[in-house]
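Here's a quick tour of a two-chain model, written for someone who likes to know the cut-offs. Have a look at the coordinates first, then read on.

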Amino acid sequence: MELKTVQTERVPVRYYEGGAGRPLVFLHGAGGLDMDLGFLDSLAQKFHVYAPLVPGYGDSEECIELRDMLDFTLHTWDVVDRLGIKDPLLVGLSMGGMIASEMAAVAPNDVTRLALIASAGLWLDEHPIPDIFAMLPYELPGYLFHDAEAGAKIMSAGTDMSDPKFLQAFLVRNARQLGAAGKILFPIPERGLASRLYRIKAKTLLIWGESDKLIPPVYAQAFQRGIRGAELVMIPQAGHVAPFEKPSEVMGAIARLQ
Amino acid sequence: MRFTWFNLMPWPHLPDDFREKHHSVWVDIDPNLFDPVKGHQVYNSYLDLLEYAGTLGFDGIGVNEHHQNAYGLMPSPNIIAASLARRTDDVALVVLGASIALYNPPLRVAEEFAMLDCISGGRLVAGFPVGTSMDTNYCYGAIPGLTREKYREAHELIKRAWAAREPFAFNGRYTKLRYVNPWPRPIQQPHPPIHIPGGGSIETFDFCIDNTYSYSYLSFGGYIRGQALMRGYWDRVAERNAPDDSPYRAGFAQTICVADTDAEAERLYAKHVSYFYNRCLHVYPGFADAPGYRTIKTIQKGILSQYAPQTMFQELPWKELVDNGSVIAGSPETVTHRMQELIQKLRVGNIFCLMQIGDMPADKCMHSTRLFAEKVIPKLRNMFPEYASDGRFWCKPLAQRATPGALPVESEPVGAER
């Protein structure tokens with residue numbers, strides 16, 4: 001994958017591009033793209049993959065003008081437009097799933113294939129989604145991974161998660177990234193999507209890790225009830241970050257949308 | 001010098017094992033720990049203490065705003081201030097402050113502050129905090145990355161509302177109002193003096209300098225740790241070519257306890273100080289700083305050890321708290337000496353005296369407060385004589401004020417139409 005920049009009306013946007021075939025746009029979750037790069041590589045075996053960063057993520061410029069859900073939705077359409085892509089296979093993970101759903105709902109005739117992986121965007125009072133904005137670094141792996149212990153090692157890349165240097169880098173990145181994500185996810189990751197799901201015309205696949213503890217599978221069923229004809233694929237032994245933990249299974253599911 | 005006796009209003013009935021057994025003193029504190037019948041006693045006792053301090057020669061009595069917090073029982077500082085307005089007569093009411101971005105619409109603050117200023121006869125000192133992340137983001141749901149923009153807009157609305165001489169339309173991003181026209185209006189013109197509590201960001205330094213507001217550093221860390229931040233402020237005042245460096249451009253909160261001797265101070269107050277520092281400040285670190293609330297610069301200079309897992313609870317002992325300046329405690333002589341050091345080193349004209357500490361009972365609090373008023377304040381009063389006439393950052397009460405409870409004798413009805 002190659003890291004590039006595309007200019008939009010408001011801000012230059014960083015994106016990864018690679019592979020060949022049908023265009024696929026991958027929208028990352030609140031944690032950013034770092035952990036999905038391996039998965040993108042495998043997607044690029046079959047698709048022409050574009051994975052834009054939400055402004056503020058990675059080394060990309062922040063954009064104060066993106067304040068609410070409509071801003072995020074239209075901004076991401078602007079990116080697709082500037083990349084010159086028509087009707088991409090739209091794939092979103094977690095927060096990215098929320099944005100992808102909104103894109104498909106506001107422009108139902110421009111999206112024919114949609115894959116939502118552990119998507120945010122709905123809220124069920126009986127199943128409150130844990131507050132990622134009040135979690136300390138060492139608490140995250142338990143919510144994100146099927147295997148929390150292995151996850152902790154991956155997230156800290158072998159360093160001690162209470163080491164001040166690690167913490168400082170972590171907090172600065174968090175302030176930029178989750179500061180941007182908070183515009184649509186804080187304090188409740190819901191901005192009225194449920195009332196717009198009926199507009200989605202795309203053939204939709206819902207992909208969920210069986211042991212997702214952040215947005216549990218009961219949310220997959222809620223999406224299924226909201227989107228006509230949506231199919232659900234459960235991934236065994238995967239948590240919230242299913243594309244990281246089970247890349248070939250997730251990849252196999254997406255390929256069915258071809 | 002201006003001294004304000006401040007009451008955070010801590011809940012005094014937290015259990016001994018609070019730190020070990022409970023997640024946080026703030027935001028998601030166990031609701032079962034609050035007993036409203038005890039609350040009745042607590043509020044009334046705390047109001048009595050504020051009124052008492054108002055009779056001893058303090059320049060102001062102070063209240064602030066916190067939510068879902070067991071060390072601060074004032075979700076509405078204006079309710080407390082309103083009650084004090086009627087029961088005190090010549091002391092400033094320092095509301096430090098109302099979190100303007102949390103009121104919907106923020107015009108409510110312009111209205112309530114104007115009411116307080118009218119009821120008290122111009123005794124209001126107004127505070128406009130952004131609010132802590134715990135209050136603003138976690139308790140009141142403001143989006144962290146938008147909080148400062150929302151705050152600036154609320155500030156603009158309030159200032160314009162107080163200044164306007166006819167109704168106007170306000171088309172903000174967060175507040176849209178067709179007819180802005182607050183009734184009543186404040187006595188103090190163009191507006192009551194404004195203090196801004198801050199945590200060290202350059203943006204807030206500049207905001208105070210540009211608007212002639214007093215910058216208040218309200219921490220519990222004490223004056224020794226507070227020096228670096230205040231130095232940063234004064235450097236900025238010089239850099240921005242402010243017209244003067246009056247010490248009244250700054251304020252500082254300090255925990256203070258006074259007894260007849262140093263040993264007596266420890267004997268009387270150590271357990272209450274320990275209650276405050278070891279129970280009341282037990283805030284879950286995940287609530288300290290919502291991502292996006294603080295600027296990157298501020299994070300880069302912050303202390304981060306609090307983000308590591310807490311495996312054991314270390315009690316902060318009296319000696320350490322006194323030595324590191326978190327608490328200024330001892331005989332009137334000791335306290336005077338350390339207060340002089342504080343005032344000179346930080347260059348602050350406004351002192352917010354935290355004297356009701358943790359679960360301190362009223363009689364001890366009165367003792368400490370009276371000793372401070374009688375034996376310490378007079379020795380500090382005339383520091384910065386060259387700025388003695390600087391009234392820009394303090395209230396200007398009416399010379400002739402109404403007396404509460406001074407109704408005339410009821411007259412007999414006269415004539416059929418009555």
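Let's start with the sheet of chain A: 8 strands make an open sheet with mixed pairing, in the order S1-S2-S4-S3-S5-S6-S7-S8. Strand S1 (2–7) and strand S8 (231–235) of chain A sit at the edges with a single partner strand each, so one side of each has no neighbour in the sheet. On average, neighbouring strands here are turned by 25° against each other, direction ignored. Helix H7 (residues 218–226) of chain A packs on this sheet and touches S6, strand S7 (203–209) and S8 of chain A, its direction making about 170° with that of S7(A). Axes are lines fitted to C-alpha atoms, for helices over the stretch in contact, and angles run from 0 to 180 degrees between N-to-C directions.

Some housekeeping before going further. This is a predicted model, where local features need pLDDT of at least 70 and side-chain atom pairs count only at pLDDT 80 or more, while totals for chains, interfaces and linings use all residues. Residues are numbered from 1 along each chain as its sequence is written, and chains are lettered from A and ligands numbered from 1 in the order in which they are written.

Chain A has 9 helices and 8 strands; helices (H or I, at least four residues) and strands (E, at least two) are DSSP runs numbered from the N terminus. For its 258 residues, a compact globule would have a radius of gyration near 18 Å, and the 17 Å of chain A agrees. That radius is taken over C-alpha atoms, and the globule rule is 2.2 Å times the number of residues to the power 0.38. Buried residues account for 50% of the 258 residues in chain A. Buried means 20 or more other C-beta atoms within 10 Å of a residue's own, exposed means 12 or fewer, and partly exposed is in between, with C-beta atoms placed from the backbone.

Helix H3 (residues 95–106) of chain A is well covered, with 11 of its 12 residues buried. Its cover includes strand S3 (22–27), helix H2 (69–82) and helix H6 (164–185) of chain A.

| Strand | Partner | Bridges |
|---|---|---|
| S3(A) | S4(A), residues 47–52 | 4 bridges |
| S1(B), residues 2–6 | S11(B) | 5 bridges |
| S9(B), residues 250–258 | S11(B) | 5 bridges |

Within these pairs, Leu24(A) has Val49(A) as its bridge partner in S4(A), Phe6(B) stands opposite Leu354(B) in S11(B), and Gly251(B) is partnered with Asn350(B). Strand S11 (residues 350–354) of chain B is mostly covered, with 5 of its 5 residues buried. Asn350(B), Phe352(B) and Leu354(B) lie on one side of S11(B), and Ile351(B) and Cys353(B) on the other.

How do the chains meet? 23 residues of chain A are in contact with 21 residues of chain B, contact meaning C-beta atoms, placed from the backbone, within 7 Å. On the chain A side, those residues split into 15 nonpolar, 5 polar and 3 charged. Here Ala, Val, Leu, Ile, Met, Phe, Trp, Tyr, Cys and Pro count as nonpolar, Asp, Glu, Lys and Arg as charged, and the others, Gly among them, as polar.

Met135(A) lies in the loop between S6 and helix H4 (140–144) of chain A. Neighbours within four places in sequence aside, Met135(A) is in contact with Leu140(A) and Gly286(B). Met135(A) counts as partly exposed because it has 16 C-beta neighbours inside 10 Å.

How values were computed
Contact = placed C-beta atoms within 7 Å. Pairing = 2+ DSSP bridges.
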